[in-house]
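Open the model in your viewer and keep the selection panel at hand. The stops below say what to select and what is found there.

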Amino acid sequence: MSKNTNSSAFRQIDVDKYSEDNYKEELDNEPVPAGPNENEIVALLTSNRQTEALKNVLANSPIGNRNQVVKDASLSLVLRVLLSFKTSQIDEAVKQLDSETRDVLMKYIYRGFEVPNEGSSAQLLVWHEKVFALSGVGSIVRVLTDKKKV
Amino acid sequence: MTTVHRFGTAPITCHSWSGDSKRVAFSPNSKDVNIYESTGGGSGWNLETKLDKHDLRVTGIDWAPKTNRIVTCSSDRNAYVWVKGVDGNWKHTLVVLRINRAATCVRWSPEENKFAVGSGAKIVNICYYDSEYDWWVAKHIKKPLKSTVTTVDWHPNNVLLAVGSTDFKVRVYSAYIKEIEGKPSTTEWGAKMSFGNMMAEFNNSPNGGGWVHSVSFSADGAKVAWVGHDSSVNVADAGNGMKVTKLSLSLLPLLSIVWISPTSLVAAGHNYVPIVFNITGSGDLVEAGKLEETKKASSGTTSSAMKMFQNMDILGQSDSGAGTTINTIHANQINEVRTGGGQGKPDWVSTCGGDGRLVVWNLSSLASKMKHLNI
């Protein structure tokens, strides 16, 4: 028999992936932010300027960045900032953010829920409650519908 | 003020009023279209006819006010045009759409000589009547639609069409049919209006997401408004350099939006109550208020204690059950909002919902009652 019948690798191909009817994502070539600067954030945290650290880390979040490593690094930074707040300061900090930043914060809160550490979920729940009071269910819907994940 | 009409328990997927607002055609989430005639004043209704030709769920109905024709489209990939004969019976004509997926929405053009059908086949059909062969011809708009079309709306010039889709974009196309109409004059949307030409494209969200649920041209055609599943309301202004104003809401997503004046919109959806939005002088979108006052859950002291123990016993709940009572007129999501009455400026809006209710909201009496709405 001819050689090409030896390999059965073709049976492993998922034909549906290559169907023409599939929705193809538009590849935007827009520049995406590369994530917050870790040293800056740590400096702000140690000098007790937590609200500023929060604003900085949310403004520079690598939304839409295709590099997962960058996004994971930012996530751990954001969680550090969120957990460094005392419960009583959270309300004040959230009030200072504008609505777009609150949407980004809500996205990070849900990402934080996905990787529970000791005590982190309790603190995140307080954050969730405060952001929800201002941004309502709409911000949670946006966590689910926005394609550019954090 | 507001009149509530109940038509059974089945959700009403879509509805449309006749030109004289005496009859309403709607589909109770089935393959039938019911036409009810109002028996003068109040909320009495007579079932006049059932239009029963579709094989699958009816997804869109539109009643042309001037020519008195109804067009219906359905998941069975067909559309029918219904004309009322002299004997009072509705005669149907099949429109061959040549799509291989469900039809999702249908609208007559302002002159009622053509209609647009959106479908899951990533195609918009523009259908017009060819008298030579006595049939409805369907032309396709395909590029660059990438996913299901959920909503269509015509520009007042009878040529431009706004299309919203699940590929997260709103597009304005030209649906100019040279066989039946003369060349349209240039508008703010552009000069080149050959059939299928895309005049403008808008992304629903800078973060890329949210299906577009409903799209609507303003009465002068310069602005197009849409609602998306990311709980936002957007207005694009062609007269102002295609600027898009977006308002992100703190509510559940809205499903349908209409203009009620050059600066106000009414939208409704998963929140069970229609909401008014105003465009301020500086071009910003603001939420003006709900068309219904939020009623506080009534709780007399003695009854709530008894209710609490009753609920604990029967339902296993430890609160007074306030969270389970619905305080709005609609008890389920509002599927469609339509306007009616009045010359130029609509007098009322009607909403149909998943609770089988059709509610007519009288705008002028609501405006005087709730002055903050600023309609």
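Exposed means over 50% relative accessible area, buried under 20%, and partly exposed in between (1.4 Å probe, protein chains only). Helices (H or I, at least four residues) and strands (E, at least two) are DSSP runs, numbered from the N terminus.

Before going on, note that this is a predicted model, in which local features need pLDDT of at least 70 and side-chain atom pairs count only at pLDDT 80 or more, while totals for chains, interfaces and linings use all residues. Residues are numbered from 1 along each chain as its sequence is written, chains are lettered from A and ligands numbered from 1 in the order in which they are written, and side-chain values use heavy atoms, with hydrogens and water left out.

**Helix α1 of chain A**

Select residues 38-46 of chain A and pick out I41(A), L44(A) and L45(A), the buried residues of this helix. Seen down the axis of α1(A), these buried residues fall within an arc of 100°, so they line one face of the helix; the arc is that of the directions from the helix axis to the C-beta atoms. An α-helix has 3.6 residues a turn, so residues three or four places apart point the same way.

At the start of α1(A), a side-chain oxygen of N37(A) comes to within 3.1 Å of the backbone nitrogen of N39(A). Just after the helix, N48(A) has a positive phi of about 65°.

**The interface**

Next show both chains. In contact (heavy atoms within 4.5 Å) are 22 residues of chain B and 18 residues of chain A. Select K146(B), N207(B) and S250(B): they supply 36% of the area that chain B buries against chain A, more than any other three residues. The area buried between the chains is about 1400 Å², with 50% from carbon and sulfur atoms; buried area is the accessible area (1.4 Å probe) that two parts lose on being put together, summed over both.

How many residue pairs are in polar contact across the interface of chain B and chain A? The rule finds nine, with both residues at pLDDT 80 or more. A polar contact is a pair of N or O atoms within 3.5 Å; within protein, one must be able to donate a hydrogen and the other to accept it, and residues adjacent in sequence count only if both atoms are side-chain atoms.

**Loops of chain B**

Go to E181(B), in the loop between β16 (169-174) and β17 (198-203). E181(B) counts as buried, at 14% relative accessibility. Its side chain makes a polar contact with the side chain of N158(B) (3.2 Å), and a polar atom of that E181(B) side chain lies 3.2 Å from the backbone nitrogen of I177(B).

Move to P144(B), between β13 (135-141) and β14 (149-154). The peptide bond from K143(B) to P144(B) is cis, with omega near -10°.

Then select N68(B), which has a positive phi of about 55° although it is not a glycine. N68(B) is partly exposed, with a relative accessible area of 31%.

**Strand β27**

Finish at V349(B), in strand β27 (residues 348-353) of chain B. V349(B) counts as buried, at 0% relative accessibility.
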